Amino acid sequence: MERILSGIKPTGQLTLGNYIGALKNFKAFQEQGECFIFIADLHALTLPIEPETLRTNSRDIAAFYLAAGLDPNKCNIFLQSHVSAHAELNAIMQNYLYMGELSRMTQFKDKSQKLNKEKIGLGLFAYPVLMASDIVLYDATIVPVGDDQIQHVELTRDLVKRFNNRYGDILIMPKAVVTKVGARIMSLSDPTKKMSKSDPKGDIFLKDDINVMRKKIMSAVTDSEAIVKFDRENKPGISNLLTIYASLKGISIEDAEKEFEGANYGTFKRAVADAVIAEIEPFQKRYFEYLNSGYVDEVLEKGAKRAREISNATLKRVHDAVGLL
Ligand code: TYM
């Protein structure tokens with residue numbers, strides 16, 4: 001049986017990129033094995049964040065998970081900080097990943113570039129160690145993520161190999177699984193850049209008003225060719241909109257292209273906006289219902305209980321392996 005694990009970091013507001021690349025795909029995995037889907041709140045501290053924002057975002061993600069169809073009876077939903085094994089395993093695993101490899105991580109390079117060199121937190125640099133700990137703690141075999149997290153899962157695989165070579169078969173080898181269409185949704189205002197929570201220009205936020213979403217899509221940057229065709233290099237804007245459309249409709253890019261043969265960009269954008277709204281409007285409604293129900297705290301408590309059971313067993317295995325009494 002598979003073990004599925006993934007998480008979302010409660011930094012800025014969740015985007016349509018997070019939805020298409022990760023959130024919307026989690027539900028299907030519930031049927032494949034036991035699922036652990038958590039809120040990576042310790043990871044959110046790697047960049048400055050207001051305490052109140054962190055609290056709000058964390059609850060939001062829990063409600064988003066439920067609104068996306070995660071069933072607490074099949075899937076354990078919990079907060080990373082409620083399960084101390086994450087921090088404890090992190091303290092051990094930091095000795096088995098190297099500064100050289102951590103400094104080559106694209107996400108670290110991107111994020112640290114924007115900071116004063118003297119003030120880059122150690123946590124931002126060591127981020128992949130905690131993420132690797134998150135994954136191996138649950139003996140995860142499948143890690144559903146968007147494109148930008150593949151490198152971190154690959155590093156986790158290197159860690160597993162290194163650790164098991166030294167101590168025997170202690171950790172389970174995970175595998176990143178990305179969605180066929182939509183693993184990298186780009187910004188609507190600059191389609192050469194990833195749509196990102198920490199770079200809100202050109203983002204569609206999952207909490208945006210429906211009319212705002214429509215406006216953002218209608219004014220998305222395109223090109224002057226007036227042909228709806230997938231070509232990432234020369235037509236990044238149109239390719240991104242095609243990707244959004246195809247992923248939400250559950251069709252291939254080729255089928256989406258066929259649907260808009262001969263259509264002008266106005267018609268095409270309207271269809272993309274309709275598809276986004278048809279999906280997100282009911283999702284938002286469910287989200288608000290969960291958020292206001294008090295059910296979220298109950299779900300998080302139950303999830304943490306099961307998460308502690310599984311993760312403490314792994315932690316014990318690791319303690320024994322390395323010689324901690
Ligand atoms: P985070 O919070 O940045 O993003 C959550 C998920 O959304 C995906 N994603 C995207 N997919 C498509 N297009 C985009 N523009 C886009 N932007 C984000 C991400 O790939 C991710 O799957 N480090 C993780 C959180 C984490 C984690 C883990 C994930 C912590 N521990 C263990 C898996 C397993 C992160 O910051 O994701």
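Reader: How many cavities of 30 Å³ or more turn up in the whole structure?
Author: A search through the whole of this predicted model finds one cavity of 30 Å³ or more, and the space in the largest cavity comes to about 40 Å³.

Reader: Which residues line the largest cavity?
Author: The lining is made up of M105, Q107, F108, K111, L124, Y127, P128 and H152, and the elements that contribute two or more residues to this lining are α6, spanning 106–113, and α8, spanning 127–137.

Reader: And which element gives the most to that lining?
Author: That is α6, which gives three residues to the lining of the largest cavity.

Reader: How do those lining residues divide by class?
Author: Five of the residues lining the largest cavity are nonpolar, two are polar and one is charged.

Reader: Let's switch to the second largest pocket; how much space lies in it?
Author: The second largest pocket holds about 290 Å³ of space, and 15 residues line it, with N90, Q94, L122, G123 and A126 lying nearest its centre.

Reader: Which elements give two or more residues to the lining there?
Author: For the second largest pocket these elements are α4 (85–93), α5 (99–103), α7 (122–125) and α8; as for α8, the largest cavity also has two or more lining residues from this helix.

Reader: What does the lining of that pocket look like by class?
Author: The second largest pocket has eleven nonpolar and four polar residues in its lining, with no charged residues, whereas the lining of the largest cavity includes one charged residue.

Key: Residues are numbered from 1 along each chain as its sequence is written. This is a predicted model: local features need pLDDT of at least 70, side-chain atom pairs count only at pLDDT 80 or more; totals for chains, interfaces and linings use all residues. Side-chain values use heavy atoms; hydrogens and water are left out. On a 1 Å grid over the protein atoms alone, a cavity is a set of points where a 1.4 Å probe fits but cannot get out, and a pocket is an open set with protein on both sides within 12 Å along at least five of seven lines; lining residues have an atom within 4 Å of a point. Grid points are joined across faces, edges and corners, and a volume is the space filled by probe spheres set on the points. Helices (H or I, at least four residues) and strands (E, at least two) are DSSP runs, numbered from the N terminus. Ala, Val, Leu, Ile, Met, Phe, Trp, Tyr, Cys and Pro count as nonpolar, Asp, Glu, Lys and Arg as charged, and the others, Gly among them, as polar.
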